[in-house]
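Here's a quick briefing to read with the model open.

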Amino acid sequence: VDYTYIATLFLNTLTPKFYVALTGTSSLISGLILIFEWWYFRKYGTSFIEQVSVSHLRPLLGGVENSSTTGLFASVNGEAEPRPSVSECKVWRNPLNLFRGAEYNRYTWVTGKEPLTYYDMNLSAQDHQTFFTGDTPQLRPEDAVMQKAWRERNPQARIRAAYQAIEMNHECAAAYVLLAEEEATTITEAERLFKKALKKLSVYINLLVYIKRRLAMCARKLGRIKEAVKMMRDLMKEFPLLGMLNIHENLLEALLELQAYADVQAVLAKYDDISLPKSATICYTSALLKARAVSDKFSPEAASRRGLSTAEMNAVEAIHRAVEFNPHVPKYLLEMKSLILPPEHILKRGDSEAVAYAFFHLQHWKRAEGALNLLHCTWEGTFRIIPYPLEKGHLFYPYPGCTETADRELLPSFHEVSVYPKKELPFFILFTAGLCSFTAMLAMLTHQFPELMGVFAKAFFSTLFAPLGFFADKMESFMPSSFWHQLTRI
């Protein structure tokens, strides 16, 4: 059997229209795959084909993921330590979160955009249910109503439930808290409702701390900063074991507004400790104080000629430390990326934390003459110290790989989430882009020059099938002449 002859005969029967249809269809299909892959990468930060391959095909093929990189990591002093996997992607309550009625809703009225995601609000509902439920084994009727109120998605339904709880018991402090958060359209009105809730409060410690903290934040927003500082200090002295609420971050921001830098340094001396968890507020405030000491006279040209002084070196190292902890912050402080309203919850070292920090602290960096200039000149040097942030850190644990996914849940869809380290385009996007372009070009050439492309296609396929024909001829020479006849009969 002459397979080369058969292939040539088949190819001669194909018309140029067939080649146009073939290349055009291939270009269309690869283009659709390209569009879907690009959309999926922009939304989820990964390739759909790669994800399916790793998640479903690799186990079928018997492959296992390399777990050696997730076991032990080198600590700062070079000793191997287990990497914390649970807390590194833990979502925290934003210590300076805004008021829904007086601030978030105002943004919605003006822009028509929702600044909070359902995931973020659902976390807040869980917080409120946990914090504001009394220690009694059986819920009071008004508490049961408030439990349901926090879970309502519709703001008006939450407000109606709060009024229902007040009708059941005029001493229901949690209901006044909800009205202060959701219904009050000004900070003054919210403060009045919080004070009313404080008077109605009986024994719930968590609710007491929450109300006093929000009252301090109201005073800060209304310009009574010294009063706010006193309230925060009193709250920290009264409840020293509630450090996880991060009230010291509220205090730091208020002290910076007062320009009480000595007091800020005293707070940092207590909370910027190696045994305590870090935050962008701690690291960047420490960097700001050190930068402020030298930034007014700092010049990149002069520093390159004479070298950095000890104070300048300390400031640069503090900036590198802060950037390593959260590399997303500098672009917001330097206004290279637009700010949005901060979410009610943040992920430490993530874009959500960077947004929250820059939203409240950008003004303090601008007030320190030359501080932003020093940050601009030095922050990118951090990435030369840690060229492989996901494998090994410098002063902190390696950068967690889960921040992008969590930040996409916490931040609104109209915000472009900052990703670190910057991801390269997946292979399959590049592959489908090349395939789409190549097949589209072939379709166009076949449409314009059908005869020439037909000759080219026949020559290409004839060359492609030539080894097969050669292999078939060799097989016939080795096999007995009756072998193929017997095989066809079987």
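Helix α18 is the top contributor to the lining of the largest cavity, giving five residues. Helices and strands here are DSSP runs numbered from the N terminus (helices H or I, at least four residues; strands E, at least two). Keep in mind that this is a predicted model, where local features need pLDDT of at least 70, side-chain atom pairs count only at pLDDT 80 or more, and totals for chains, interfaces and linings use all residues. Residues are numbered from 1 along each chain as its sequence is written, and side-chain values use heavy atoms, with hydrogens and water left out.

**Cavities**

- A cavity is a set of points on a 1 Å grid over the protein atoms alone where a 1.4 Å probe fits but cannot get out, and lining residues have an atom within 4 Å of a point.
- Grid points are joined across faces, edges and corners, and volume is the space filled by probe spheres set on them.
- The count by this rule is four cavities of 30 Å³ or more, and the largest cavity holds about 120 Å³.
- Of the 17 residues lining the largest cavity, Asn94, Pro95, Glu249, Thr281 and Ile346 are the closest to its centre.
- Two or more lining residues come from each of β3 (91-93), α14 (280-292) and α18 (351-367).
- That lining splits into eight nonpolar, five polar and four charged residues. Nonpolar covers Ala, Val, Leu, Ile, Met, Phe, Trp, Tyr, Cys and Pro, charged covers Asp, Glu, Lys and Arg, and the others, Gly among them, are polar.

**Salt bridges**

- The whole structure has 20 salt bridges, each being a side-chain nitrogen of Lys or Arg within 4 Å of a carboxyl oxygen of Asp or Glu.
- Arginine 140 pairs with glutamate 142 (3.3 Å, N to O) and also with aspartate 143 (3.0 Å, N to O).
- Buried means under 20% relative accessible area, exposed over 50%, and partly exposed in between (1.4 Å probe, protein chains only).
- Glutamate 142 is buried at 5% and aspartate 143 is buried at 6%, while arginine 140 is partly exposed at 31%.
- Arginine 224 bridges to glutamate 227, with the closest N and O atoms 2.7 Å apart. Arginine 224 is partly exposed at 28%, and glutamate 227 is partly exposed at 36%.
- Arg100, Arg158, Glu182 and Glu344 are linked in a network of salt bridges.

**Positive phi**

- Most residues other than glycine have a negative phi.
- Asparagine 246 has a positive phi of about 55°; it sits in the loop between α11 (225-238) and α12 (247-258) and is buried at 10%.
- Arginine 349 has a positive phi of about 75°; its place is the loop between β4 (345-347) and α18, and it is buried at 10%.

- Leu28, Leu32 and Ile35 make a nonpolar surface patch with about 330 Å² of accessible area together. Patch members have over 30% relative accessible area and no salt bridge, with nonpolar side chains (Val, Leu, Ile, Met, Phe, Trp, Tyr) joined within 5 Å and like charges within 9 Å.
- Leucine 32 lies in helix α2 (residues 16-44) and is exposed at 52%.
- Methionine 444, in helix α22 (residues 427-448), is partly exposed at 49%.
- The C-alpha atoms of methionine 444 and glycine 24 are separated by 8.2 Å, though 420 residues apart along the chain.

Technical notes
Areas by Shrake-Rupley, 256 points an atom, 1.4 Å probe, with all protein chains shown as cover. 1 Å grid on protein atoms, 1.4 Å probe; cavity = no way out; pocket = protein on both sides within 12 Å on 5 of 7 lines; lining within 4 Å.
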